[in-house]
Amino acid sequence: MNIHGKWLTMSTLTTSPTCRDIGWIYFIEAAELKLVKIGWSRRPERRLAQLMEQSPVELKILTARRGPSLDERNLHRRFSALRHRGEWFRHEGDLEVLIFELISIIGTCPWRSIDSSDELTFERGRLEDLD
């Protein structure tokens, strides 16, 4: 059952994000701790590398979805009952279902499917070409 379908297919929080507001809402897992970080970045793999430098456990990107930073904040509120600390949440319940559905629909590394010409178009503000 797809309980998160609307968010999976569109941004539900903002009607006109600016180009600078659009990036990737990512889900990074610390499997040993059973935690997931919900974050936002224009370059999720670079963000993962930064986090790995400071982490005592292995981290990996589970998936990501293109969207405004406002969607990240909404997800933090939505899953506040699962919050461990800061942007880290227990990997269980509805959060686990959301991540599973995202992986089922868009895979684990969707940013790799956007070529450089799409990225240039995106940077110039033509959001309809990417979402």
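Me: Is arginine 65 buried or exposed?

Reply: Start with the cut-offs. Buried means under 20% relative accessible area, exposed over 50%, and partly exposed in between, with a 1.4 Å probe and protein chains only. Arginine 65 has a relative accessible area of 6%, so arginine 65 is buried.

Me: What should I know about the model before going on?

Reply: This is a predicted model, where local features need pLDDT of at least 70, side-chain atom pairs count only at pLDDT 80 or more, and totals for chains, interfaces and linings use all residues. Residues are numbered from 1 along each chain as its sequence is written, and side-chain values use heavy atoms, with hydrogens and water left out.

Me: How many salt bridges does the structure hold?

Reply: The general idea comes first. Side chains of opposite charge can pair when their charged atoms come close. A salt bridge here is a side-chain nitrogen of Lys or Arg within 4 Å of a carboxyl oxygen of Asp or Glu. The structure holds 3 of them.

Me: Which residue forms a salt bridge with arginine 65?

Reply: Aspartate 71 does, and the closest N and O atoms are 3.6 Å apart. Aspartate 71 is buried, at 0% relative accessible area.

Me: Which parts does the pair of lysine 37 and glutamate 87 tie together?

Reply: Look at the contact, then at the elements. The side chains of lysine 37 and glutamate 87 meet in a salt bridge, 2.3 Å from N to O. Lysine 37 lies in strand β2 (residues 35–41) and glutamate 87 in the loop between β4 (83–85) and β5 (88–90), so the pair ties together parts that are 50 residues apart in sequence. Helices (H or I, at least four residues) and strands (E, at least two) are DSSP runs, numbered from the N terminus. Lysine 37 is buried, with a relative accessible area of 4%. Glutamate 87 counts as partly exposed, at 28%.

Me: Which residue does arginine 90 meet in a salt bridge?

Reply: Glutamate 92, at 3.4 Å from N to O. Arginine 90 counts as partly exposed, at 31% relative accessibility. Glutamate 92 also counts as partly exposed, at 35%.

Me: How many residues does helix α4 have, and what span should they give?

Reply: The expected span of a helix is 1.5 Å times one less than its number of residues. Helix α4 (residues 93–106) has 14 residues and should span 20 Å. Its end C-alpha atoms are 20 Å apart, which agrees.

Me: Which residues of α4 are buried?

Reply: Leu95, Leu98, Ile99, Glu101 and Leu102 are buried in α4. They cover an arc of only 160° around the axis, which puts them on the same side of α4. The arc is that of the directions from the helix axis to the C-beta atoms. On the other side of α4, Phe100 and Ser104 are exposed.

Me: What follows α4?

Reply: Glycine 107 does, and its phi is positive, near 85°.

Me: How many residues does the largest nonpolar core have?

Reply: A nonpolar core is a set of buried Ala, Val, Leu, Ile, Met, Phe, Trp, Tyr and Cys residues joined through side-chain atoms within 4.5 Å. The largest one has 13 residues, and those with the most contacts inside it are Phe27, Ile38, Leu75, Phe79 and Leu95. β1 (22–30), β2 and α4 each supply at least two residues of this core. Its largest share, 4 residues, comes from α4. A second, separate core has 10 residues, including Trp24, Ala30, Leu48 and Val57.

Me: Which residues are in contact with leucine 95?

Reply: Contact means heavy atoms within 4.5 Å. Leaving aside neighbours within four places in sequence, leucine 95 is in contact with Phe27, Val36, Ile38, Phe79, Leu82, Phe89 and Arg90.

Me: Where does isoleucine 99 lie, and how far apart are isoleucine 99 and phenylalanine 27 in space?

Reply: Isoleucine 99 lies in helix α4. Isoleucine 99 and phenylalanine 27 are 7.6 Å apart, C-alpha to C-alpha, yet 72 residues apart in sequence. At 3% relative accessibility, isoleucine 99 counts as buried.

Me: In which helix is histidine 76 found?

Reply: Histidine 76 is found in helix α3 (residues 69–78). Histidine 76 is buried, with a relative accessible area of 10%. Not counting residues up to four places away in sequence, histidine 76 touches Ile38, Arg83, Glu87 and Phe89.
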